[in-house]
Each structure stands twice: as C-alpha cells, then as structure tokens.
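User: I would like a close look at a single part of this model. Please keep the account plain and give the cut-offs as you go.

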Amino acid sequence: MAPSALRFYEKLGLIHATRTSGNQRRYERSQLRRVSFIRISAQVGVPLETIKEALASLPANRTPTKADWARLSAGWRSHLDEQIQLLERLRDTLTGCIGCGCLSLKTCALVNTDDRLAAKGTGPVVLIRP
C-alpha cells in the first residue's frame, strides 16, 4: 500500500501510528487490520466518512471483529443495493447514448429534447432519479 494512502488515513483519524526516534511511522498489527477493513469497505463503495463513523462506533476504537463486520455491512446493504442499481442502469444505457443530462446536452433528440433535463439539475439525472 502506498505510504501516502496510510498518511491520508491517519490524517482522517482512521488509523494511528507511533513514531520512532528517527520520526518513522510504525503501525501496530491492529492498525493494519483496520487498513484492511477500510480498503475492503471502500472497494465496495462505502464512503470514507461512513467508514470513519463505523470505526468510531466500536468500543475503544478497537479493530473490527467478524461480528462487527456482519453488523456494519448489514447496515450498508441498502446503500450498496442503490449503487448496484445505478451501475446496472448505467451499464444498460451506456451504449445507446449519453442522453442522461450529465452534460446538459441541447441536441439529444432521444432523451433530452430541447435540454429539458437541465431544469432537473446537474449530473446523470435520468440514471440517479429514474
């Protein structure tokens, strides 16, 4: 793992390091397990702020156990289901055209005639707000 990522996690308060007399960072095994938890959570789409809240909810900021993971991941399920649905809609419409409003296209005759999607906001409004 890149040292810059570890420093970033430390800056966010997700992990903690001790310093040697030469000012090098040293991470205990429990902190490295937290890094694994953070990386896996982030890879499945959980925002870092949510991960931080989850880690802070543990007694004495301990490393998550298998039971903790089961409880926390169950709480994230609806968010992940929404992300999966969004990605599936994107996959299924991606080859047709980008007429989803993300560029506020004025010329898309299929989905965004007369740029009417611009009034619904920026971003992929058709995908996010079906």
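What span should the 15 residues of helix α2 (residues 29-43) have at 1.5 Å a residue, and how far apart are its end C-alpha atoms?

Analyst: This is a predicted model, in which local features need pLDDT of at least 70, side-chain atom pairs count only at pLDDT 80 or more, and totals for chains, interfaces and linings use all residues. Residues are numbered from 1 along each chain as its sequence is written, and side-chain values use heavy atoms, with hydrogens and water left out.

Helix α2 should span 21 Å, and its end C-alpha atoms are 21 Å apart, so the two values agree. The expected span is 1.5 Å times one less than the number of residues. Helices (H or I, at least four residues) and strands (E, at least two) are DSSP runs, numbered from the N terminus.

Gln 31, Arg 34, Val 35, Phe 37, Ile 38 and Ser 41 are the buried residues of α2. Buried means under 20% relative accessible area, exposed over 50%, and partly exposed in between (1.4 Å probe, protein chains only). Seen down the axis of α2, these buried residues fall within an arc of 165°, so they line one face of the helix; the arc is that of the directions from the helix axis to the C-beta atoms. On the face turned away from the buried side, α2 carries the exposed residues Arg 29 and Gln 43. After α2 comes Gly 45, with a positive phi near 100°.

As for the setting, the chain has five helices and two strands, in the order α-β-β-α-α-α-α from the N terminus. Of its 130 residues, 25% are buried.
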